[in-house]
Amino acid sequence: MKISLILLGLIFLWSCSSVTNSEQQERLVIPPDQLKKDIDYAYGKLKEMHPQLYRYTTRKDLDRRIDSLKQTIDTPLTPVQFYFKLQPVITTIREGHLSLTIPFDKLKKDFHGKKLFNYFKYYIKGDHMYIVENKDSIHHIKPGTEILSINDVPITSYINRYKKLISSDGQNTTFTPYYLKDTFFYFFSMENGFLDQVKLETLYSNKKQIYILEREKQNEVEREKSRSQTTDNKGGLHCSTNRNFQFLDHDNSIAYISIKKFSDNNSDKFYKETFERIKEAKSSYLILDIRNNYGGSLQEINNLYSYLVSEPFTLIKPSRLNSGFTPLKTNYFKKSTPLEYALKGITYPTYFFLKTLHTYKGKDGKFYYKIKADKVTQPNKNAFNGKIYVLINGGSYSASSIISSKLKFDKKATLVGEETGGANDGTVAGFYSYQILPNSKLTLPIGLLLVNPNITLTNSLRGVIPDIPISETLQDIINKNDVQLNWIKDEIVKERENR
């Protein structure tokens, strides 16, 4: 009983102190010498663990950027101010999964709630931002309205600053506008705090207009609901309608599957039931829509691929590590309460054994980690055997790019849309080591696995290039005119007419 009471007391004190520490961290100002130590710490951990740190930039260039950054830090900074200095250097590594995070509980909770800017949906083109949807008709602002400034600061200033905070793979340029429209006001709130109102200067039909936008208040039920929501590792909300399946014509010959995130939650059941229905309907065409899908589970895309081919396949190449000890650096005890820490301590030997068991040294002298997706997988008995189209765009990232790259290389599908946001030749992700910088307390998640699709690598430093390139315009989005999907439908009609 005494042990239980002591344990409960420790948990209570830990939870209270974590909130206090979070609030104190926001107000903390850190001396330059400590910030420079954080920079050296981050760079040292990257060299220690990242399996292809100099893939898109040379060591000489990165060393120079690190040294230049340290020379600019000559006054104390808050963690947020430091983030806005260090993150642009991290992005020059050009590894999309490599991005600093600010571990403030208040920031995360407020970001999920009813925010000041979530009345609208947005579109970014170059250094311009437009409102493309106004569901609640706030101030009767019309879709297509351009935002010129926020609180008298030109929107171009924000966009150009925030673009530098977004990591993308290699020389890819399509990812940034998609991710920026989703994270723009997250960055804005980091800089400016959670304001109750802002002034918007807008332009519509050559007429400028000023609006005062006020934060909508939440009731307790809504507040509790927002607290329960979680984010993925790039900050986006998990979607409750993650997967959608339907037939697009009266005779069920065109099957359509939309996947917003490869979360792996209930995916086995979804694909089993979906492809059973497609097979029963004897559909001739399948449209797989993975636009705006930031990725997720390798296991899920490996399972999905088994429904798209008729012969055995291997989805990815063996996943390379920086060293044989890298898998043991995954922060097994990360964010553990005292009780969880104690329980994890008991299971740690099993964890250690499994990580060691899956690590091996290849004939090339490099270390690799065993994953199910790098083994031969058999096609599913309900695999689709008709014609496959895949819809992709700049928001198709990570796992979405891997499955797109594999489908294109194997000539199993026609890809329609835009170049993917993720690299054609793979990325560094898999599992992570979350490094907390000692003084600023910023978190640097370092991907530990080099994951390449099982293809002949192009070394193009680009995303997956569609077979049929089609881009949406601002007016297409406002009118909900899906030109990419419509092209596929028209192509199917032509094919049927020519039979």
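Biologist: What volume does the second largest cavity have?

Modeller: The model is a predicted one. Two cavities of 30 Å³ or more are counted in it. For the second largest cavity, the volume is about 50 Å³.

Biologist: Which helix gives the most residues to the lining of the second largest cavity?

Modeller: The lining consists of I39, A42, Y43, L46, L62, I66, L86, V89, I90 and I93. At least two of the lining residues come from each of helix 2, helix 3 (59–72) and helix 4. The most, four residues, are supplied by helix 2.

Biologist: Are helix 2 and helix 4 roughly parallel or roughly antiparallel to each other?

Modeller: Helix 2 spans residues 32–49 and helix 4 spans residues 79–91; their axes lie 12 Å apart, at an angle of about 30°. An angle under 35 degrees counts as roughly parallel. Helix 2 and helix 4 are therefore roughly parallel.

Biologist: Which residues of helix 4 make the contact with helix 2, and in which hand does helix 2 pass helix 4?

Modeller: From helix 2, the contact takes L35, D38, I39 and L46, and from helix 4 it takes F82, L86 and I90. By class, this contact of helix 2 with helix 4 holds six nonpolar residues, one charged residue and no polar residues. The crossing of helix 4 by helix 2 is right-handed.

Biologist: How are helix 3 and helix 4 directed, roughly parallel or roughly antiparallel?

Modeller: The axes of helix 3 and helix 4 are 10 Å apart, and the helices pack at an angle of about 170°. In this contact R65, I66, L69 and T72 belong to helix 3, while K85, L86 and V89 belong to helix 4. By class, the contact of helix 3 with helix 4 has four nonpolar, one polar and two charged residues. Because angles over 145 degrees count as roughly antiparallel, helix 3 and helix 4 are roughly antiparallel.

Biologist: What is the relative direction of helix 6 and helix 7?

Modeller: Helix 6 (residues 155–163) and helix 7 (residues 175–192) have axes that come within 9 Å and cross at roughly 105°. Residues including Y158 and Y162 of helix 6 meet residues including F184 and F188 of helix 7. Since the range from 65 to 115 degrees counts as roughly perpendicular, helix 6 and helix 7 are roughly perpendicular.

Key
Residues are numbered from 1 along each chain as its sequence is written. This is a predicted model: local features need pLDDT of at least 70, side-chain atom pairs count only at pLDDT 80 or more; totals for chains, interfaces and linings use all residues. Side-chain values use heavy atoms; hydrogens and water are left out. Axes are lines fitted to C-alpha atoms, for helices over the stretch in contact, and angles run from 0 to 180 degrees between N-to-C directions. A crossing is left-handed if the near helix is turned anticlockwise from the far one by less than a right angle, and right-handed if clockwise. Contact means heavy atoms within 4.5 Å. Ala, Val, Leu, Ile, Met, Phe, Trp, Tyr, Cys and Pro count as nonpolar, Asp, Glu, Lys and Arg as charged, and the others, Gly among them, as polar. On a 1 Å grid over the protein atoms alone, a cavity is a set of points where a 1.4 Å probe fits but cannot get out, and a pocket is an open set with protein on both sides within 12 Å along at least five of seven lines; lining residues have an atom within 4 Å of a point. Grid points are joined across faces, edges and corners, and a volume is the space filled by probe spheres set on the points.
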